[in-house]
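Here are my notes on the model, as numbered points. Please read them with the structure open.

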Amino acid sequence: MKFSKANRLRGEVAIPGDKSISHRSVMIGSLAKGDTVIRHFLQGADCLSTIACFQSMGIDIENLGETVVVHGKGLHGLQKPDCVLDCGNSGTTTRLISGILAAQNFSVTLTGDASIQKRPMQRIMTPLSQMGADIRSLRGNGCSPLQITGSPLHGIHYTSPVASAQVKSTILLAGLYADGETHVTEPQLSRNHTELMLSHFGASVRTEGTTAIVQPADELIARSVTVPGDISSAAYFIAVGILVPGSEILIRNVGINPTRAGILEVCRQMGADLKLLNRRGQSEPMADILVRTSSLHGTEIGGAIIPTLIDELPMIAAMACFAEGTTVIRDATELKVKESNRIEVMVHSLSAMGADVTETEDGMIIHGGKPLHGAVIDSRLDHRIAMTFAVTACCVEGETEILGAECVNISYPGFYQDLNRLTQS
Ligand code: S3P
């Protein structure tokens with residue numbers, strides 16, 4: 001797909017549902033007793049993989065588009081699937097479902113696409129095994145395909161070496177079935193959607209600092225869920241609005257949970273003109289974001305803010321190329337184990353556009369202000385890389401071609417249409 005420099009972007013965009021919350025609403029809804037109505041569900045390929053997995057385990061899920069209805073059968077209502085469960089490209093599906101499957105009374109094989117078969121699963125296999133789970137990597141390489149045979153589980157106190165909501169959530173979901181309290185401590189607080197949603201469905205969950213604690217549950221009660229817009233998807237419109245001269249975009253319905261909203265802080269630190277309007281919602285707060293073209297300056301990003309903007313770092317790195325001065329991103333080694341090695345891909349692709357960017361052990365250093373030009377960019381079938389470069393292409397001279405551009409369907413099926421509409425207004 002080809003892209004070129006955009007004139008000013010003006011107008012409004014309504015952001016599709018949050019990917020993390022959409023996954024969790026199907027998973028937790030399936031384990032609850034009764035009907036869970038999910039509004040503004042993300043119809044991205046990853047979330048559809050989660051729906052398909054639970055349908056294969058006997059859960060009746062009606063996908064009506066904006067709304068999904070899950071007819072949950074309770075904590076012990078899943079049935080052995082008669083096929084391998086295919087998690088597609090989704091790390092969240094693979095990891096979180098493993099926590100649930102570890103406690104069922106049947107055995108399952110999980111698989112996924114070529115990317116998922118390279119992503120690290122030892123990080124969930126270790127704590128689940130400590131809880132008593134029978135989980136193994138079929139190729140013995142710590143990756144999917146995984147074979148999981150349900151077993152009785154024990155509560156544990158686990159200290160995770162990485163700040164990962166997927167690791168934390170896997171353990172908390174398994175902890176619902178354990179024989180005692182389960183504690184997960186992480187080095188920094190990662191997104192807390194699982195904790196919030198489990199509480200909403202009646203589980204007993206609390207947080208002490210960076211430790212999440214769950215009690216074994218007798219049952220979960222079906223509740224309705226309205227999914228906020230995904231701030232990780234909004235990030236592309238925040239960036240394009242800031243960078244393309246003369247732009248003003250109102251980005252509607254964005255989830256601003258503080259464990260996700262680090263990009264807002266970084267944009268402000270860099271000098272961006274962002275306003276949060278119409279704040280609403282409680283446990284998962286939302287707002288509309290008004291963004292206007294701004295001149296940016298470099299900044300340093302590291303430490304506890306990293307998990308709150310981990311998926312936005314590719315877009316932030318590209319923004320830094322247009323800022324005056326140097327931006328340093330550190331403490332971000334997790335980027336190497338996402339859908340692609342996002343440090344390597346960003347350094348390679350931004351350099352191809354003429355940027356001054358250097359890879360470091362745990363991030364990158366970007367000297368902003370060099371003029372960028374169009375290039376051929378291989379998305380490596382990583383949705384966030386494709387969207388980052390579609391936006392970057394709007395800000396540079398010459399044509400940019402993105403290979404594998406259709407991979408945005410993973411998290412934002414209408415992305416190019418929304419971007420296009422704003423560039424035409
Ligand atoms: C996610 C957590 C993050 C994030 C991913 C979604 C989640 O991954 O990168 O896109 O839904 O819990 P990690 O938990 O591996 O950091």
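**Notes on salt bridges, strand pairing and the ligand site**

1. Start with glutamate 186. Its relative accessible area is 3%, so glutamate 186 is buried. Buried means under 20% relative accessible area, exposed over 50%, and partly exposed in between, with a 1.4 Å probe and protein chains only. Lysine 168 is also buried, at 2%. The side chains of these two, glutamate 186 and lysine 168, form a salt bridge at 3.0 Å, N to O. Glutamate 186 sits in the loop between strand E11 (182-185) and helix H6 (193-200), and lysine 168 in helix H5 (residues 165-175), so the bridge ties together parts 18 residues apart in sequence.

2. Basis of the values. This is a predicted model: local features need pLDDT of at least 70, side-chain atom pairs count only at pLDDT 80 or more, and totals for chains, interfaces and linings use all residues. Residues are numbered from 1 along each chain as its sequence is written, and side-chain values use heavy atoms, with hydrogens and water left out.

3. How many salt bridges does the structure hold? The count is 23. The criterion is a side-chain nitrogen of Lys or Arg within 4 Å of a carboxyl oxygen of Asp or Glu. Helices (H or I, at least four residues) and strands (E, at least two) are DSSP runs, numbered from the N terminus.

4. Lysine 19 and aspartate 46. Their side chains meet in a salt bridge, 3.6 Å from N to O. Lysine 19 belongs to helix H1 (residues 19-31) and aspartate 46 to helix H2 (residues 45-56), so this pair ties together parts that are 27 residues apart in sequence. Lysine 19 has 9% relative accessibility and therefore counts as buried. Aspartate 46, at 1%, counts as buried too.

5. Glutamate 339 and arginine 119. The salt bridge between their side chains is 3.9 Å, N to O. The pair links distant parts of the chain, 220 residues apart. Glutamate 339 is in the loop between strand E20 (326-329) and helix H10 (342-352); arginine 119 is in the loop between strand E7 (107-111) and helix H4 (122-130). Both residues are buried.

6. A salt-bridge network. Bridges that share partners join Arg119, Arg191, Asp311, Glu339, Arg342 and Asp382 into one network. Arg191 and Asp311 are also among the residues around the ligand.

7. Strand E3. Which strands pair with E3 (two strands pair if DSSP finds at least two bridges between them)? Strand E14 (residues 220-221) pairs with E3 (residues 32-39) in the parallel sense, over 2 bridges. Lysine 33 stands opposite isoleucine 221 there. Strand E5 (residues 67-73) pairs with E3 in the antiparallel sense, over 7 bridges. Glycine 34 faces glycine 72 in E5. Strand E15 (residues 225-226) pairs with E3 in the parallel sense over 2 bridges, with arginine 39 opposite threonine 226.

8. A polar side-chain atom of arginine 24 lies 2.6 Å from a ligand oxygen. For lysine 338, a side-chain N or O atom is 2.7 Å from a ligand oxygen. For threonine 92 the distance to a ligand oxygen is 3.5 Å. The protein covers 95% of the 380 Å² of accessible area that the ligand has on its own (Shrake-Rupley method, 1.4 Å probe).

Note on methods
Two strands pair if DSSP finds at least two bridges between them. A residue is near a molecule or strand if one of its heavy atoms lies within 4 Å of it. A polar contact is a pair of N or O atoms within 3.5 Å; within protein, one must be able to donate a hydrogen and the other to accept it, and residues adjacent in sequence count only if both atoms are side-chain atoms.
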